[in-house]
Amino acid sequence: MPDRCAESAAGQHPLTRGQQIRCQIKHTLENWFFKTCFPGLLIKKKYSAFQRLRHGDRSALELISGLEEIRQKSLVCDLEYIRHQSGLLDKEVRTLVESLIAFNPLKYALLRNYHRKYAFYADLCLMEDDPETGPPYVLGLDPELSEDLAGGKAAELSFLLGNNDFSVPPGLVITTRAFNLFLKKNRLLPVIRQQLSRLGPDSHDTIHNVSRIIQNRLMEAQTPNELKEQVTAGLHQKGLENTELALRSSAVGEDLQASFAGQFESRLGVSPDGIFQAYKEVAASKYSPHALYYRMSRGFTDSMTPMAVLIMPFIRAKTSGILYTAEHNSPDRASVHMVSGSGEKLAAGAKYQAASRFDKKRRELVQDSHDCPLEPDTLTTVFEIGEKLEELFGVPQDVEWIADGKDRIYILQSRPLRMSEPEKPCRQEDYPESSVLARGQWVSTGRASGKVHKLKDIKSISQIPQNAVLVTDELPPALTLALGRVAAVVAEKGSPACHFASVARESKTTAICSAPGAMSLQDNQIVSIDGDSGLVLDGALFDTRTGPPEPDQPDSPVMKKLSEALRFISPLSLQDPEADDFSIRSCKSLHDIVRYVHEAGVGEMFSLVGRRGLDSYMSKRLDSGIPLVMHVLDVHSGLISSGKSIKTVKMEHVKSRPMRQLFAGLASPAVQWDSSVLHYDWDAYSKSSASFVDVEKSTLFSSYAILDREYLHALLRFGYHFAVLDTVACPRPEHNYIHFSFKGGGGNQQQKFLRIELINLILEHFGFSVRTTADFLEAFFDRKSMEDTGVNLSRLGIVLGKTVLLDMRLETPQQVGSLAEEITEEVNGFFPV
Amino acid sequence: MSNIMVLDDVEDAGAMIKRILERKGHSVAVFTEEQDAIDYVKKQKADIAILDIKLKKMSGVEVLKQIRQARPEIEVLMLTGYPTLETAREAMSHGAREYLVKPIDKNELEEKIQVIVENRSSA
């Protein structure tokens, strides 16, 4: 006998003993009163609670599956979205728990504590620390600067400042703490979090709206006075108070853990008066659509990447360039792309004027463009600086530099050069000349085939079909938004050294640039891209990707948080309702609680009509002629009069239209209820039920249906499979619907997914709209005529019967398509379209 | 095995934790009064403290601050039936290592203590 008092104190019981007794008496009296005086009212009251359970159950399972799917596929979304979904799940489970408690407060009140516990643990895993808002707000560039305070770019430039080999413009940094203070003083954090919570998977359309709202709020906000004062003092101290300035982004994570190449904006030639407006513009660029998408795709949270801003004297560039200290396929060569004047267009993938290469072993220029804006000596100096940077950091570097009017070279940025290995050594000669449609330059390695989609407008990115070969004029950073949905990118202009190139390589998306004639390709033309040799080829030569690219951030910070939270959300340890440990105390997750509530809700619904003198409402055993153990509860005209007085009814006693139509399918000759099905599902039932005489227990193990003349709610159990069907079939089409959901089942994860895909294909063929998330499927067929609804119920019956055990046999995705066709054809034979 | 101090204003709750942890070989002292618990820790008698958030005179977080001030190396596991993120954040910012929510699950309690013990021995 457990120590009840100690358990109660430790939260194992929700109420004191006195409270328990009072609660028990109240519940017993209330139930006795209703059962004796108003049995119909009691049924209605409990049926209404049951309906709430049913709705909550579906929503909760959908939310759980949604979170599981984000984790399994590493889908791109914001942490705030995950927190929001987790919050919705918490709310749904709370409603479920309260609905169950309404059946029997004493018996189920403890479930509140378990719900509170696991919902809190999930919250705790997704929690982030409050951003730090204390000083310092402004710091001079100093070799000791940390990335936490100064952001990646400023920390790296500060490090270079301590080395005499490099020229870095002097400057200040407005720290990440200042950014956090700016958000706090203007009460922007709640707005930002609320907006970010809208960024779930596939939010390409929403992201523009979210970006606009956040950026507008940032631009309307006031720069805190303490920040203004410190910036002004800092400029004075550096002698920059009357100088034209350049403000550059320096976010945490930028350049170090991820390139964030070109995602944020700079402001050049800023007068001292305009500095705070420019500060807000640079800070707000953190929330541009492509910067948001990039951050999410790398699995960082918003608060992990606060924005610091570098302030430097504006140096008018005679030449600007991007230097790679190693080349694709040739680590002993460095290359540089250059333009005269400012380098914004070069970095933005619009143009370059000249490219040069340098053999690091022979120490000589190997290819010099005719229109190179630099003298050979200066160009050699650029390459030598690159060698020193590579030596200093130990890995090849991607360096942004400028040369002033006196050809002095300044480093603006140096970050690790990200290049993946080519798939295999390849040359343009490997392909027949006749198949080459365009020749360009490598941007990102890999090979892919797909249909051409020409981008007309940067705002139409959301209309790009999945797995298209995106053909574009230039390679602006805004194309980041298309990554994850395209098989490859081809640009007529651009350079391999632009910002988008870095981002494409990080996301492992095949890309080429400088391919004259690419824009002449036709929409929907099937082409193949070899990124390594820079070719656009005719036809489908390579495997076409069948889904989004393999996630490359499965262990990102956001995914780690979600994985932790899912430990308290997802696992289902309550499997067998007949097992001794199918109890509140055995609930280990929110999923367990949902499962427990569903089973207990069904039990309560049936137990209340299975006892003492409520014959008119008693549940009946249905002898349907198929080996499905089922109990039915008639709530209103679901059975004919003669069926109401007997304990076991047959289908001829059933008046419920949707029930008859479902069974027309389930019991049709198309479904072979063979002995293996019997053995798998019902032998276990027979053995278990032999030891129980209690109606509540036996209904817990069987299928059940709640019937009305035009309504059916059924939970169908086939071994470990659970399907829930909720439907109305009446003469008024606007009232008719079929809602069907399915989750779980036997077999391994792959088999479950294949089974879901099979049902999906068949039901879509018959006009259902189907949603699947992980191993959860929901199908809808709404507002159709009574006849159409009825026929689809019968078809659903066949599909259910035929697919019950298939997950044990389905092994490969190829089997799914052919089996779906086979079953669809057979169903058509019985219930033609 | 570790010396563990449990502070819970309900004696029975402490007794239950004591039973679970003693079966695992730990030495456990249970207190219901805040000052007694603080004095006990100050006398270097505990490696790990389990503190309920809701106490009679002080909050568990206040006790946490005092014992971490006296013994910064002590590991603390907070215990509560009514968790909030704000309290959790505050407790963790003052050095609480773990957070345990009632109803207490025997395996979960053992697991969390085990993690703390392993962290201590690898530190």
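User: Which residues of α19(A) are buried, and what makes this helix largely enclosed by the rest of the structure?

Analyst: In this predicted model, the buried residues of α19(A) are R657(A), P658(A), M659(A), Q661(A), L662(A), F663(A), G665(A) and L666(A). A residue counts as buried when 20 or more other C-beta atoms lie within 10 Å of its own, and 8 of the 10 residues of helix α19 (residues 657–666) of chain A are buried, so the helix is described as largely enclosed by the rest of the structure.

User: Against which elements do the buried residues of α19(A) pack?

Analyst: They pack against the strands β23 (703–708), β24 (711–718) and β25 (721–728), and also against helix α23 (786–803), of chain A.

User: Why are α10(A) and α13(A) called roughly perpendicular to each other?

Analyst: The axes of helix α10 (residues 204–220) and helix α13 (residues 289–297), both of chain A, come within 9 Å and cross at roughly 115 degrees. Angles of 65 to 115 degrees count as roughly perpendicular, and α10(A) and α13(A) are therefore described in that way. The handedness of this crossing is right-handed.

User: Which residues make that contact, and how do they divide into nonpolar, polar and charged?

Analyst: From α10(A) the contact draws on I207(A), H208(A) and S211(A), while α13(A) contributes P289(A), L292(A) and Y293(A). By class, the residues of the contact of α10(A) with α13(A) comprise 4 nonpolar and 2 polar, with no charged residue.

User: What makes α9(A) roughly antiparallel to α10(A)?

Analyst: The axes of helix α9 (residues 189–196) of chain A and α10(A) come within 10 Å, and they cross at roughly 175 degrees. Since angles over 145 degrees count as roughly antiparallel, that value makes α9(A) roughly antiparallel to α10(A). In this pairing V191(A), I192(A), Q195(A) and L196(A) of α9(A) meet V210(A), I213(A), I214(A) and R217(A) of α10(A). The contact of α9(A) with α10(A) has 6 nonpolar residues, 1 polar and 1 charged.

User: Why is K280(A) called partly exposed, and with which residues is it in contact?

Analyst: K280(A) is placed in helix α12 (residues 275–284) of chain A. A residue is buried at 20 or more neighbouring C-beta atoms within 10 Å and exposed at 12 or fewer; K280(A) has 19 other C-beta atoms within that distance, and so counts as partly exposed. Leaving aside neighbours within four places in sequence, K280(A) is in contact with L218(A), M219(A) and T223(A). The C-alpha atoms of K280(A) and K743(A) are separated by 49 Å, and these two residues lie 463 residues apart along the chain.

User: What is said of the phi angle of D407(A), and why is this residue called partly exposed?

Analyst: Phi of D407(A) is near 60 degrees, which is a positive value in a residue other than glycine. D407(A) is found in the loop between β10 (397–403) and β11 (409–416) of chain A, and with 15 C-beta neighbours inside 10 Å it counts as partly exposed. K508(A) likewise has a positive phi near 60 degrees without being glycine, and is found in the loop between α16 (499–506) and β17 (510–513) of chain A. With 14 other C-beta atoms within 10 Å, K508(A) is partly exposed.

User: Where is P103(B), and what is the omega of the peptide bond from K102(B) to P103(B)?

Analyst: P103(B) lies in the loop between β5 (98–101) and α5 (106–122) of chain B, and the peptide bond from K102(B) to P103(B) is cis, with omega near 0 degrees. In chain A, the peptide bond from P135(A) to P136(A) is cis, with omega near 10 degrees, and P136(A) is found in the loop between α6 (110–126) and β1 (138–140).

User: How do you know that the radius of gyration of chain B agrees with that of a compact globule?

Analyst: A compact globule with 123 residues would have a radius of gyration near 14 Å, and chain B has 13 Å, which agrees. Along its principal axes, the C-alpha trace of chain B spans about 30 × 30 × 25 Å, and 41% of its 123 residues count as buried. Chain B has 5 helices and 5 strands, and from the N terminus on its elements run β-α-β-α-β-α-β-α-β-α.

Notes: Residues numbered from 1 in each chain as written. Chains lettered and ligands numbered in written order. Predicted model: local features only at pLDDT ≥ 70, side-chain atom pairs only at ≥ 80, totals over all residues. Axes fitted to C-alpha atoms, helices over the stretch in contact; angles between N-to-C directions. Helix = DSSP H or I, 4+ residues; strand = E, 2+ residues; numbered from the N terminus. Parallel < 35°, antiparallel > 145°, perpendicular 65-115°, else oblique. Left-handed = near helix turned anticlockwise from the far one by under 90°. Contact = placed C-beta atoms within 7 Å. Nonpolar A, V, L, I, M, F, W, Y, C, P; charged D, E, K, R; others polar. Rg over C-alpha atoms; globule rule 2.2 N^0.38 Å.
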